[in-house]
Amino acid sequence: MPLSRLTRHCLLAASSLAFLGLAACCPPPARQSFPDITFQHLAPFKLDVAHVEIVQGYRPDPANDIADQFPEAPAKVAAQWAQDRLQAVGTQGQAIYTITMARSTDTPLKRSQGMSAVTHKDQSDRYDLAISINLEVQSAGKSGALTAQAARSQTVGEDMTLNQREAVLFALLDATMKDLNKQLEGLIPRYVGGFLR
């Protein structure tokens, strides 16, 4: 029996909806995985104190900070440094490691206009990351303190994918923490060397 025009329209509509439903179910591109940034492979600083306290003193502005776009939040990685490298081996006193800044921002850059926009690929954004920490050590009537900070920037092209941008952010964080680690390796013996064991 031939199908009526209305029936054919209904079948076509149902087929279209089924296709759209299948398309909507396609999973998004898999998010790439990155290694954890740790410092366990480096020798710890053994401090003559009974306790090491790690304080998250930075409160990001959700409207301007892009920490959630990094594979790991910069403040978390800054705290990881202290967990991996500061070791309490004494019976009294304490060391207080405070993350005072772990600010990350995304600044849109000026783009080409007119025909230049068609023929030229611009750098669309600049990522800025700044990390700063304070370390105070007190024990047996003596004390010492230091501040270390590191900052880096990186631009990205307008044609980069989200996964590529995330890889740039990972590299930016890794390089900034390596800078901070190098600073601390020089500052700790100089300013709190009397506490090292």
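These questions and answers set features of a predicted model against the definitions behind them.

The model is predicted: local features need pLDDT of at least 70, side-chain atom pairs count only at pLDDT 80 or more, and totals for chains, interfaces and linings use all residues. Residues are numbered from 1 along each chain as its sequence is written, and side-chain values use heavy atoms, with hydrogens and water left out.

Q: What makes E4 and E5 a pair of strands, and in which sense do they run?
A: Strands (E, at least two residues) and helices (H or I, at least four) are DSSP runs, numbered from the N terminus. Two strands pair if DSSP finds at least two bridges between them. Strand E4 (residues 94-108) and strand E5 (residues 123-139) are joined by 14 bridges, so they pair. They run antiparallel. Ser104 has Leu129 of E5 as its bridge partner, and Thr98 has Asn134 of E5.

Q: What joins E5 to E6?
A: There are 16 bridges, in the antiparallel sense. Ser139 stands opposite Lys142 in E6. The two strands form a hairpin with two residues between them. Ala140 in the turn has a positive phi of about 50°.

Q: Why are E2 and E6 called edges of the sheet?
A: The sheet is open, with four strands in the order E2-E4-E5-E6 and mixed pairing. Strand E2 (51-56) and strand E6 (142-157) each have a single partner strand, so one side of each lacks a neighbour in the sheet. The twist averages 15° from one strand to the next.

Q: How do H2 and H4 pack, and what handedness has their crossing?
A: Axes are lines fitted to C-alpha atoms, for helices over the stretch in contact; angles run from 0 to 180 degrees between N-to-C directions. Helix H2 (residues 74-85) and helix H4 (residues 162-192) pack at about 40°, axes 11 Å apart. A crossing is left-handed if the near helix is turned anticlockwise from the far one by less than a right angle, and right-handed if clockwise. This crossing is right-handed.

Q: Which residues make the contact of H2 with H4?
A: Contact means heavy atoms within 4.5 Å. H2 gives Pro74, Val77, Ala78, Trp81 and Arg85. H4 gives Leu173, Met177, Asn181, Leu184, Glu185 and Ile188. By class, eight are nonpolar, one polar and two charged. Ala, Val, Leu, Ile, Met, Phe, Trp, Tyr, Cys and Pro count as nonpolar, Asp, Glu, Lys and Arg as charged, the others, Gly among them, as polar.

Q: Which strands do these helices meet?
A: H2 lies across E2, E4 and E5, at about 155° to E4. H4 packs on the sheet and touches E5 and E6; its direction makes about 155° with that of E6.
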